[in-house]
Amino acid sequence: MSMWWSLHLRREAASVPLARRLLMGTMETAGVDPDVSYDLSVALSEACANAVEHGGATVPDGAAGAYRVTAYLDGEKCRIEVADSGPGFVPVTVPASDTAEHGRGLYLIQELADHVHFGNKPGGRGGAVISFDKILKWREDTPLVTA
């Protein structure tokens with residue numbers, strides 16, 4: 001089974017639960033194990049929150065700008081990508097402490113996913129891209145998985 005979807009969202013806090021609910025609904029419908037779905041939804045929420053907070057300046061008409069979320073379920077793997085139009089990632093030399101208010105989201109994504117890539121959009125146009133993969137486990141009653 002293979003499916004994908006992509007969203008173009010405004011950089012507003014209300015967009016984060018929207019993306020998370022769409023991912024959870026897709027995973028439930030496809031028959032993905034709830035624990036795996038939950039891990040991916042938390043990682044997605046962190047990536048979206050990062051895009052909302054750091055993803056670019058407010059556009060001239062006062063709107064918050066936008067970011068893109070794409071999810072691919074392909075065979076035994078799910079890949080999620082969140083891209084924004086902000087300044088991109090800058091190297092961090094000191095990891096966030098356990099009590100820090102900010103900076104733990106990227107660490108959490110790394111802990112919840114099997115493979116993570118943090119990068120900047122090519123071509124110097126600006127913007128960060130976070131992509132992460134997770135091997136899927138399926139519920140016993142999954143109708144969409146081929147034997």
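## First stop: what covers H3

Among the elements covering the buried residues of helix H3 are helix H2 (34-54), strand S4 (115-120) and strand S5 (128-135). Keep in mind as you click around that this is a predicted model.

Now select H3 itself, residues 105-112; its buried residues are Gly105, Ile109 and Leu112. They sit on the same side of H3, because they span an arc of only 75 degrees around the axis. Turn to the face pointing away from that buried side, and you'll find the exposed residues Tyr107 and Glu111.

## Zoom out

Show the whole chain as a cartoon. The chain has 147 residues, and 39% of them count as buried. Its accessible surface comes to about 8700 Å², with 55% of that belonging to carbon and sulfur atoms. Among contacts with a separation of 6 or more, 69% are between residues 24 or more positions apart.

## Into the core

Next, select Leu40, Leu44, Tyr67, Ile80, Val82, Phe132 and Leu136: within the largest nonpolar core, which has 32 residues, these touch the most other members. Two or more residues each come from strand S1 (2-10), helix H1 (15-30), H2, strand S2 (66-74), strand S3 (77-83), H3 and S5. Which element gives the most to this core? That's H2, with nine residues.

Center on isoleucine 80 and show what surrounds it. Beyond its neighbours within four places in sequence, isoleucine 80 is in contact with Leu23, Leu40, Leu44, Thr70, Ala71, Ile130, Ser131 and Phe132.

## A look at helix H1

Leucine 22 is a stop on helix H1. Is leucine 22 buried or partly exposed? Its relative accessible area is 33%, so leucine 22 counts as partly exposed. Leaving out residues up to four places away in sequence, leucine 22 touches Trp5 and Leu7.

## A charge without a bridge

Move along to the loop between H1 and H2 and select aspartate 33. Aspartate 33 is buried but has no salt bridge, and the nearest side chain of opposite charge, lysine 137, is 5.6 Å away. Setting aside residues up to four places away in sequence, aspartate 33 touches Lys137, Trp138 and Arg139.

## Last stop: the salt bridges

There are five salt bridges in the structure. Start with arginine 10 and glutamate 12, whose side chains meet at 2.9 Å, N to O. Arginine 10 is partly exposed at 46% relative accessibility, and glutamate 12 is partly exposed at 34%.

Then select aspartate 39 and lysine 134, which form a salt bridge at 3.7 Å, N to O. This pair ties together distant parts of the chain, with aspartate 39 in helix H2 and lysine 134 in strand S5, 95 residues apart. Aspartate 39 counts as partly exposed at 22% relative accessibility, whereas lysine 134 counts as buried at 11%.

Finally, hop over to glutamate 81 and arginine 68, a salt bridge with its closest N and O atoms 3.1 Å apart. Glutamate 81 lies in strand S3 and arginine 68 in strand S2, 13 residues apart. Before you close the viewer, select Lys77, Arg79 and Asp133: salt bridges that share partners join them into one network.

Conventions: Residues are numbered from 1 along each chain as its sequence is written. This is a predicted model: local features need pLDDT of at least 70, side-chain atom pairs count only at pLDDT 80 or more; totals for chains, interfaces and linings use all residues. Side-chain values use heavy atoms; hydrogens and water are left out. Buried means under 20% relative accessible area, exposed over 50%, partly exposed in between (1.4 Å probe, protein chains only). Contact means heavy atoms within 4.5 Å. Accessible areas come from the Shrake-Rupley method with a 1.4 Å probe; for residues, only the protein chains shown count as cover. Helices (H or I, at least four residues) and strands (E, at least two) are DSSP runs, numbered from the N terminus. The arc is that of the directions from the helix axis to the C-beta atoms. A nonpolar core is a set of buried Ala, Val, Leu, Ile, Met, Phe, Trp, Tyr and Cys residues joined through side-chain atoms within 4.5 Å. Lys and Arg count as positive and Asp and Glu as negative; His and the chain ends are not counted. A salt bridge is a side-chain nitrogen of Lys or Arg within 4 Å of a carboxyl oxygen of Asp or Glu.
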